[in-house]
Amino acid sequence: SFFFGQRAAPCGNHVGTVDDIYTWLVDEGFDESLFTKKWVQNHYRWIVWKLGSMERRFPSQLSGRYLTYQHVLLQMKSR
């Protein structure tokens, strides 16, 4: 089974937990002193809510294509 509505398995070594996303952010070069695992958990929740809401609002354009693990990671990087 895949995350969200993805049609293919997510790419990358870090998939799934808050610890994985935290580690991924550190590996991407973000300063660990600027965020905590609790921060990652909170923002992950809001990102999933936002992307899911967008899919529900625009189902014909976004359904199954917007709420993906890669999109969640991109959103996390921008915060």
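Analyst: Let us begin with a definition. Helices (H or I, at least four residues) and strands (E, at least two) are DSSP runs, numbered from the N terminus. The model is a predicted one, in which local features need pLDDT of at least 70 and side-chain atom pairs count only at pLDDT 80 or more, while totals for chains, interfaces and linings use all residues. Residues are numbered from 1 along each chain as its sequence is written, and side-chain values use heavy atoms, with hydrogens and water left out.

User: How many helices and strands are there in the chain?

Analyst: The chain has four helices and zero strands. Read along the sequence, its pattern is α-α-α-α. Helix α1 covers residues 18-27, helix α2 covers residues 37-57 and helix α4 covers residues 69-78. After α1 comes G29, which has a positive phi, near 105°.

User: What share of the residues in the chain is buried?

Analyst: A residue is called buried under 20% relative accessible area, exposed over 50%, and partly exposed in between (1.4 Å probe, protein chains only). Of the 79 residues in the chain, 33% are buried.

User: Which residues are buried in helix α1, and where do they fall when seen down the axis?

Analyst: In α1 the buried residues are I21, Y22, W24 and L25. An arc is taken from the directions that lead from the helix axis to the C-beta atoms. Seen down the axis of α1, the buried residues fall within an arc of 160°, so they line one face of the helix. These buried residues pack against α2 and α4.

User: Which residues are in contact with L25, leaving aside its neighbours within four places in sequence?

Analyst: Contact means heavy atoms within 4.5 Å. L25 belongs to helix α1 and counts as buried because its relative accessibility is 2%. Beyond its neighbours within four places in sequence, L25 is in contact with F30, F35, V40, M76 and K77. L25 and K77 are 52 residues apart in sequence, yet their C-alpha atoms are 7.3 Å apart in space. For the chain, residues 24 or more positions apart account for 54% of the contacts with a separation of 6 or more.

User: At what angle do α1 and α2 pack?

Analyst: Axes are lines fitted to C-alpha atoms, for helices over the stretch in contact, and angles run from 0 to 180 degrees between N-to-C directions. Angles under 35 degrees count as roughly parallel, over 145 as roughly antiparallel, 65 to 115 as roughly perpendicular and the rest as oblique. Helices α1 and α2 pack at about 105°, with their axes 9 Å apart; they are therefore roughly perpendicular to each other. From α1 the contact draws on V18, D19, I21, Y22 and L25, and from α2 on K37, V40, Q41 and Y44. Six of the residues in this contact of α1 with α2 are nonpolar, one is polar and two are charged. In this scheme Ala, Val, Leu, Ile, Met, Phe, Trp, Tyr, Cys and Pro are nonpolar, Asp, Glu, Lys and Arg are charged, and the others, Gly among them, are polar.

User: How far apart are the axes of α1 and α4?

Analyst: The axes of α1 and α4 are 11 Å apart, and the two helices pack at an angle of about 55°. That makes α1 oblique to α4. The contact joins I21, W24 and L25 of α1 to Y69, L73, M76 and K77 of α4. By class, the contact of α1 with α4 has six nonpolar, no polar and one charged residues.

User: Which residues of α2 and α4 meet?

Analyst: Helices α2 and α4 pack at an angle of about 125°, with their axes 10 Å apart. That makes α2 oblique to α4. W39, V40, H43, Y44, I47, V48, K50 and L51 in α2 meet H71, V72, Q75 and M76 in α4. The contact of α2 with α4 is formed by eight nonpolar, three polar and one charged residues.

User: Which residues of α4 are buried?

Analyst: They are Y69, H71, V72, L73, Q75 and M76, and they pack against α1 and α2. Q75 counts as buried at 15% relative accessibility. Not counting residues up to four places away in sequence, Q75 touches I47, K50 and L51.
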